[in-house]
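Thank you all for coming; I would like to walk through one model this morning, going from the domains to the chain interface and then to the backbone. Please have the sequence and the coordinates open while I talk.

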Amino acid sequence: MKRRFSLLPVHIILIICGIGMFLPFYWMLTTALKTPLESLRFPPTFFPQIFKFSNFVEIFREVALLRYFLNTIFIAIASLLGVLFTGILAAYAFARMEFWGRDIVFIIFLALMMIPLPVYLVPSYMILFKLGWIDTYSALIVPWTVNIFAIFFLRQHMKTLPQDLFDAAKIDGCGRFRTLWQIVVPLSKPAIITLAIFDIIGSWNSFFWPLIVTHSDSIRPLQVGLAYFSREFSTNYPLLMAASTLAILPLIILFFFAQKQIIQSYARTGLKE
Amino acid sequence: MKNKKLKSALTGFAYLTPALLILLVFRIIPIFFSVRISLYDWGMAGARQFLGLTNYFRVLQDPVFWQSLLNTFWYAIFSIPIMFILSLFFAILLNQKIKGLGFYRTLYYLPVVTSIVAVSIVWKWLFNPERGLLNYLLSFLHVSTIRWLEDPRGIFTLIFNPLHINLPTILNGPSVALCSVILMSIWKGLGYNIVIFLAGLQNIPTAYYEAAKIDGAGRFRLFRNVTWPLLTPITFYILVMSTISAFEAFAQVWIMTGPPAGGPLGTTKVVMYYFYEQSFELWRLGYGASIAFFAFLIILALTIFQRQFLEKRVTYA
């Protein structure tokens with residue numbers, strides 16, 4: 001294919017806009033390294049005059065950031081384990097079993113995915129209240145141990161596995177559950193890893209639900225803690241930016257390692273529709 | 001025979017039980033429960049009084065509800081088309097077999113993986129009227145200080161007032177503050193749409209383009225008659241997703257605006273925030289449940305409308 005025009009203008013547009021896209025991150029980082037006084041200087045300095053790395057230490061003293069981190073990590077892992085457990089079992093039933101009621105349940109699941117959060121938020125809160133779970137880890141974990149999208153995603157994948165495999169397992173006397181555990185799960189590893197990444201991003205960034213079901217500082221996940229911190233320390237910009245940097249850093253690292261997987265699976269979910 | 005059927009159903013449901021149980025308690029029961037709550041004056045201590053449909057009528061007569069709906073409407077009207085055009089534009093640029101595709105894609109995608117809370121804090125700082133980076137950069141272009149998140153004036157008013165045209169309140173447009181929130185949300189969501197458009201573009205077989213070229217189609221005709229029709233399923237998906245996310249905008253408002261959040265003068269109080277405020281700050285749970293239902297009905301109606309509207313033009317490759 002002969003090119004009818006040069007790609008140079010394309011690169012120029014992409015780079016200029018790319019700088020614009022990156023600028024907020026750059027500003028976050030430089031502000032995080034400034035002294036409070038320098039951060040308020042106008043016109044601002046594009047490069048910190050003194051690198052105040054101690055902002056990243058001070059932040060842990062000003063606010064229970066470490067606690068928020070540990071809470072988020074604990075919640076993310078616990079709910080992920082739940083999502084995988086419920087997801088793999090349900091997907092297996094939907095993909096590889098024939099039984100009465102299967103399709104009806106499947107349609108119900110599909111419909112549930114369309115219901116937006118506010119519709120079930122108020123009553124869920126009351127149910128959690130009745131259970132005495134408000135302001136506990138259970139309220140942050142248990143309702144999120146099912147991810148309907150995960151079930152669909154795994155079902156799609158399990159459907160592509162060849163039937164011969166299952167026939168062979170059956171002939172060899174391998175039971176249903178053992179087939180799932182020893183054949184289906186190992187073969188679904190890429191799909192499971194993709195899902196795990198999605199789920200971790202989701203729980204790391206979730207805000208609305210934890211905002212509502214937590215009241216005490218010791219139970220708060222990172223995003224909620226950060227949000228309240230931003231209201232309290234609304235003018236200490238270096239500390240605010242240091243906290244924001246730390247809050248997004250783990251996901252940016254994850255993103256760099258699993259970039260292909262994340263982008264491709266986002267793209268694929270778009271195409272599935 | 002019947003026994004075998006029963007047995008297979010039991011096994012099947014055994015596998016579904018963990019998921020079903022959680023969904024039953026935290027999704028299915030709440031949805032029905034929500035209907036009941038909306039029929040009561042329901043406070044923190046429980047149901048106080050049966051009201052029938054009164055909550056729904058009150059919501060419809062509530063000027064703040066209509067204001068929040070208008071704010072959400074402006075949010076959607078501005079963010080969806082701008083994001084749509086920009087992301088399609090960048091996706092087309094990235095689809096030209098250029099060097100550094102991975103680099104650019106990462107750059108534009110970065111805001112998508114970061115948390116809305118953190119980036120809202122960062123943008124609030126960028127928007128700071130006296131010390132913020134944006135006003136500093138704009139000062140080079142001789143733009144006078146913009147009070148971004150603090151300015152309640154509608155942007156249509158700002159455009160038309162110098163021409164001595166007075167607009168009715170409803171046409172004031174989104175406030176400068178709401179536009180600032182929209183700007184941030186576009187920045188945050190752009191990469192997601194680019195990646196989906198890009199995948200759609202890469203899915204179009206090159207044979208179509210070659211055939212069209214042989215027939216003498218120019219660049220514009222190629223886009224109009226090949227790319228655009230084959231992209232319709234993606235277009236539909238992006239429109240539906242952006243509509244839903246416009247209605248779900250919440251954290252941005254909670255963090256960036258105010259105090260009190262939703263300000264200045266309630267011009268950034270979107271539906272989701274109003275729902276939150278009524279339900280979980282004022283603890284008017286019955287009223288909140290009614291607002292949630294209206295929001296759900298609107299999202300549903302819009303999705304069906306988009307489906308109907310686009311279905312006629314959808315060309316599946």
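Let me begin with a term: the domain bounds that I quote come from an automatic or database domain assignment. On that basis chain B is divided into domain 1, covering 2-54, and domain 2, covering 61-311, while chain A is divided into domain 1, covering 8-53, and domain 2, covering 61-272.

Before I go further, two sentences on conventions. This is a predicted model, in which local features need pLDDT of at least 70 and side-chain atom pairs count only at pLDDT 80 or more, whereas totals for chains, interfaces and linings use all residues. Residues are numbered from 1 along each chain as its sequence is written, chains are lettered from A and ligands numbered from 1 in the order in which they are written, and side-chain values use heavy atoms, with hydrogens and water left out.

On confidence, pLDDT being the predictor's confidence in each residue from 0 to 100, chain B has a mean of 90, and 97% of its residues reach 70 or more.

Now to the domains of chain B, whose C-alpha centres lie 34 Å apart. How many residues of domain 1 of chain B are in contact with domain 2 of chain B? There are nine, and they meet seven residues of domain 2 of chain B, where contact means heavy atoms within 4.5 Å. The area buried between these two domains is about 570 Å², of which carbon and sulfur atoms give 70%; buried area is the accessible area, taken with a 1.4 Å probe, that two parts lose on being put together, summed over both. B:S38, B:W42 and B:M44 supply 57% of the area that domain 1 of chain B buries against domain 2 of chain B, more than any other three residues.

Across that interface the rule finds zero salt bridges, a salt bridge being a side-chain nitrogen of Lys or Arg within 4 Å of a carboxyl oxygen of Asp or Glu. One residue pair is in polar contact there, with both residues at pLDDT 80 or more. A polar contact is a pair of N or O atoms within 3.5 Å; within protein, one must be able to donate a hydrogen and the other to accept it, and residues adjacent in sequence count only if both atoms are side-chain atoms. Helix 1 (2-38) and strand 1 (40-43) of chain B each supply at least two residues of the domain 1 side, and helix 1 of chain B gives the largest share, five residues.

Turning to chain A, the C-alpha centres of domain 1 and domain 2 of chain A lie 34 Å apart. Ten residues of domain 1 of chain A are in contact with eight residues of domain 2 of chain A, and the two domains bury about 660 Å² between them, 83% of it on carbon and sulfur atoms. In domain 1 of chain A, the residues that lose the most area to domain 2 of chain A are A:M28, A:T31 and A:A32, together 58% of what that side buries.

Next, the two chains together. 100 residues of chain A are in contact with 91 residues of chain B, and the chains bury about 9000 Å² between them, 79% of it on carbon and sulfur atoms. Between chain A and chain B the count is zero salt bridges, but 14 residue pairs are in polar contact, both at pLDDT 80 or more. The largest share of the side of chain A that touches chain B, 16 residues, comes from helix 1 (residues 8-32) of chain A.

Finally, the backbone. Most residues other than glycine have a negative phi, and most peptide bonds are trans. The peptide bond from A:F42 to A:P43 is cis, with omega near 0°, and A:P43 is found in the loop between helix 2 and helix 3 (55-62) of chain A. B:H142, although not a glycine, has a positive phi of about 60°; B:H142 is found in the loop between helix 6 (133-139) and helix 7 (155-160) of chain B.

Definitions and conventions: Helix = DSSP H or I, 4+ residues; strand = E, 2+ residues; numbered from the N terminus.
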